[in-house]
Amino acid sequence: MEERRDGDDSDLDLAAWSRALRELPTGPMSEADFRAWLEGPLRRFFPFEQFFCAYGSVAGGRLYMRSMLTSGYSAEFIASRERSFDVNERGCMKWWLSHRRSLILDKAEAIDAAGRRIAMTEREIDDVERFSLGPLAKHGVVDPFSNTGTHMGFSGVPKGRRKQTLAALELIAPVVHALYFQTKDAARSSVELTALTDRQSDLVDLAAQGLSDKEIGLRLGISHNTVGNHFSSIYAKLGISKRSQLIALFK
């Protein structure tokens, strides 16, 4: 894989990072509180123009987004985010799920901290051009036990400081991940997902695709009655009573 070299600019302003950590909000917070920290203390350490963070899960080669928080993005960008997509349609996302390391991209290329190029799909290039996203630094955190996690992106990061930017993002990602779950909506989504077993999550994913109980049973090799029993358990765990409420939670 081709590598790209640049200067060693990985030294970070750790004093600025310490100041940002001292100003972290504590306890349950609103999305406004989260944005205030992002746009104030964090931005002084890590300059950026726009931010997004999404929480979701991966099953059957598809990513399912459950909730999202943004700062600085247009309504058009937010509306364009798909709730579910095949990870093969997003080369950078597929690479990140495999490597779990930070990367930076623009309309010309995507590279990791070592300068190795990452294959981008036309869809990703179109997003960068359409919404003027680059340079866009991306990372996240995955919970291997529930196969859920957050994926975040900071656009408008400084050009020509790849190593420094990605080294900083390695520090920032777990902190942003933790803060995200202190917001009410994100915490609710997390509980909804982690309360379900792997088999129940499979059923929810298939229901979200519009399959009937009979079709789900055929897909999973179980009886129609067993599918119904699974959904009764899912409804009880989530405090709902019918399929339409389930779809509303996970769409």
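Predicted model: local features only at pLDDT ≥ 70, side-chain atom pairs only at ≥ 80, totals over all residues.
Residues are numbered from 1 along each chain as its sequence is written, and side-chain values use heavy atoms, with hydrogens and water left out.

**The sheet**

Select the strands (DSSP runs of E, at least two residues, numbered from the N terminus). Seven strands make an open sheet in the order β3-β2-β1-β7-β6-β4-β5, with antiparallel pairing; two strands pair if DSSP finds at least two bridges between them. At the edges stand β3 (84-86) and β5 (110-112), each with a single partner strand, so one side of each has no neighbour in the sheet.

Next, select residues 50-59 and 62-71, which are β1 and β2; these strands pair in the antiparallel sense over 9 bridges. G56 has M65 of β2 as its bridge partner.

Return to the largest pocket and select L63, F85, M93, K138 and H151, the closest to its centre of the 34 lining residues. A pocket here is an open set of points on a 1 Å grid over the protein atoms alone, where a 1.4 Å probe fits, with protein on both sides within 12 Å along at least five of seven lines; lining residues have an atom within 4 Å of a point. The largest share of the lining, 6 residues, comes from β1.

**An aromatic pair**

Finally, select F34 and Y180, an edge-to-face aromatic pair with 6.5 Å centre to centre and 65° between the planes. Rings of Phe, Tyr and Trp (its six-membered ring) pair if their centres lie within 6.5 Å; planes under 30 degrees apart count as stacked, over 60 as edge-to-face and the rest as tilted. F34 lies in helix α2 (residues 31-45) and Y180 in helix α6, so the pair ties together parts 146 residues apart in sequence. Helices are DSSP runs of H or I, at least four residues.
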